Amino acid sequence: MSTLHTVNKSPYERFAFASCLAHIAPGDALLMLEDGVLGARRGGAFAKRFAEAGGAAAVYAIGPDLEARGVKREDVAEGVEIVGYDGFVDLVAHHARVCAWL
Amino acid sequence: MADNPKKKFLYVNRKAPYGTIYALESLEVVLIGAAFEQDVALAFLDDGVFQIAEGQNATGIGMKTFAKTYRALGDEVRKLYVERESLSERGLSLEDLMPIVYEDENEDYVQKPSIHLVDRAELARLIGDSDVVLSF
């Protein structure tokens with residue numbers, strides 16, 4: 001069964017996001033939370049990278065974290081599904097393991 | 001614990017030692033996990049590879065050189081996977097790491113290396129093969 005990878009650091013400040021993308025397997029899921037959601041902004045240098053590297057993975061971002069940081073729904077890159085905390089719980093429940101990239 | 005099947009624990013170490021408390025905390029948890037007779041493996045990638053670098057001495061910065069404890073993990077923890085790309089990106093090779101070994105009880109207690117170099121794709125598979133991933 002697949003892995004849910006979580007990233008809570010901005011890809012523009014830390015290497016964690018890039019390292020996560022380098023270790024993600026087909027069928028895995030990626031969830032951006034806290035400062036990690038800054039990577040989800042459309043037009044950002046990083047949005048292109050996870051579209052390529054995470055191509056085999058489903059990509060999610062936590063809505064309240066986006067909202068808190070002023071990233072509007074329409075600013076979120078294509079292919080990123082916005083989820084609430086209930087969606088976070090569902091993702092954890094539907095994957096065999098969680099790998100946090102701190 | 002006798003009724004519970006062994007679980008495969010993978011400790012993912014990505015931070016350099018001393019600058020933050022992550023590395024030391026990971027080691028503490030690894031020692032606790034080993035005491036519960038689980039199937040324990042450690043992964044060292046990104047700056048985590050510096051945790052097992054040879055020649056550490058933290059006395060000058062007033063901290064404990066806890067790296068020595070990795071050499072004492074001994075027979076409980078004998079799977080230390082180190083990512084080859086992370087080493088080379090940082091100008092390191094296997095020779096720059098501490099010689100961490102265990103004694104194989106099935107082969108007259110001959111010493112064998114606990115460190116296994118793996119590439120990035122193999123490390124990704126290790127994550128996928130684990131029951132529990134603990135990140136530090």
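## Close-ups of a predicted two-chain model

**Figure 1. Chain A from end to end.** Read along the sequence, chain A goes β-α-β-α-β-α-β-α-β. That comes to four helices and five strands. What you're looking at is a predicted model, so a word on the scores: the predictor gives the complex an ipTM of 0.88 and a pTM of 0.92. The C-alpha atoms of chain A sit in a box of roughly 35 × 25 × 25 Å along the principal axes. Its radius of gyration is 12 Å, which agrees with the value near 13 Å that a compact globule of 102 residues would have. Buried residues make up 39% of those 102 residues. If you take the contacts in chain A with a separation of 6 or more, 70% of them link residues 24 or more positions apart.

Figure 2. Which way do the residues of β2(A) point? A29(A) and L31(A) go one way from this strand (residues 29-32), L30(A) and M32(A) go the other, and all of them are buried. Strand β1 (residues 3-7) of chain A runs parallel to β2(A), and four bridges join the two. Here T6(A) is found opposite L31(A) in β2(A). To get from β1(A) to β2(A), the chain passes through helix α1 (residues 16-22) of chain A, and this β-α-β crossover is right-handed. Strand β3 (residues 58-62) of chain A is also parallel to β2(A), again with four bridges between them. In that pairing, L30(A) has V59(A) of β3(A) as its bridge partner.

**Figure 3. The largest nonpolar core.** This core has 57 residues, and the ones touching the most other members are L30(A), M32(A), V37(A), A61(A), L10(B) and A43(B). Strand β2 (residues 39-44) of chain B gives the most to the core, with five residues. Now zoom in on L10(B): what does it touch beyond its neighbours within four places in sequence? L10(B) is in contact with A41(B), A43(B), L126(B), I127(B), S130(B) and V133(B). Back in chain A, L30(A) and M32(A) are the pair pointing the same way from β2(A).

**Figure 4. Where the two chains meet.** How many residues of each chain are in contact with the other? On the chain B side there are 14, and they are in contact with twelve residues of chain A. Both α4 (120-129) and β7 (132-135) of chain B supply at least two residues to the side that touches chain A. Of the elements there, α4(B) gives the most, with five residues.

Figure 5. From the N terminus on, its elements run β-α-β-α-β-α-β-β-β-α-β. Count them up and you get four helices and seven strands. Chain B is as compact as a globular protein of its length, because its radius of gyration of 15 Å is close to the 14 Å that the globule rule gives for 136 residues. Along the principal axes, its C-alpha atoms fill a box of roughly 45 × 30 × 30 Å. Buried residues account for 34% of the 136. Among contacts in chain B with a separation of 6 or more, 75% are between residues 24 or more positions apart. As for confidence, the mean pLDDT of chain B is 94, with 98% of its residues at 70 or more.

**Figure 6. S114(B), a loop residue.** S114(B) lies in the loop between β5 (110-113) and β6 (115-118) of chain B. Is S114(B) buried or exposed? S114(B) counts as buried because it has 22 C-beta neighbours inside 10 Å, and the cut-off is 20 or more. Leaving out residues up to four places away in sequence, S114(B) touches R78(B), K79(B), L80(B), I100(B), V101(B) and Y102(B). One of these, Y102(B), is twelve residues from S114(B) in sequence, and their C-alpha atoms are 6.2 Å apart.

**Figure 7. V49(B), in another loop of chain B.** V49(B) belongs to the loop between β2 and α2 (68-71) of chain B. It is buried, with 24 other C-beta atoms within 10 Å. Setting aside neighbours within four places in sequence, V49(B) is in contact with F44(B), V82(B), S86(B), L87(B), R90(B) and L92(B). E76(B) sits 27 residues from V49(B) along the chain, with 21 Å between their C-alpha atoms.

Key
Residues are numbered from 1 along each chain as its sequence is written. Chains are lettered from A and ligands numbered from 1 in the order in which they are written. This is a predicted model: local features need pLDDT of at least 70, side-chain atom pairs count only at pLDDT 80 or more; totals for chains, interfaces and linings use all residues. A nonpolar core is a set of buried Ala, Val, Leu, Ile, Met, Phe, Trp, Tyr and Cys residues joined through C-beta atoms within 7 Å. A residue is buried if 20 or more other C-beta atoms lie within 10 Å of its own, exposed if 12 or fewer, and partly exposed in between; C-beta atoms are placed from the backbone. Two residues are in contact if their C-beta atoms, placed from the backbone, lie within 7 Å. The radius of gyration is taken over C-alpha atoms; the globule rule is 2.2 Å times the number of residues to the power 0.38. pLDDT is the predictor's confidence in each residue, from 0 to 100. Two strands pair if DSSP finds at least two bridges between them. A crossover is right-handed if, with the strands pointing away from the viewer, the path from the first strand over the helix to the second runs clockwise.
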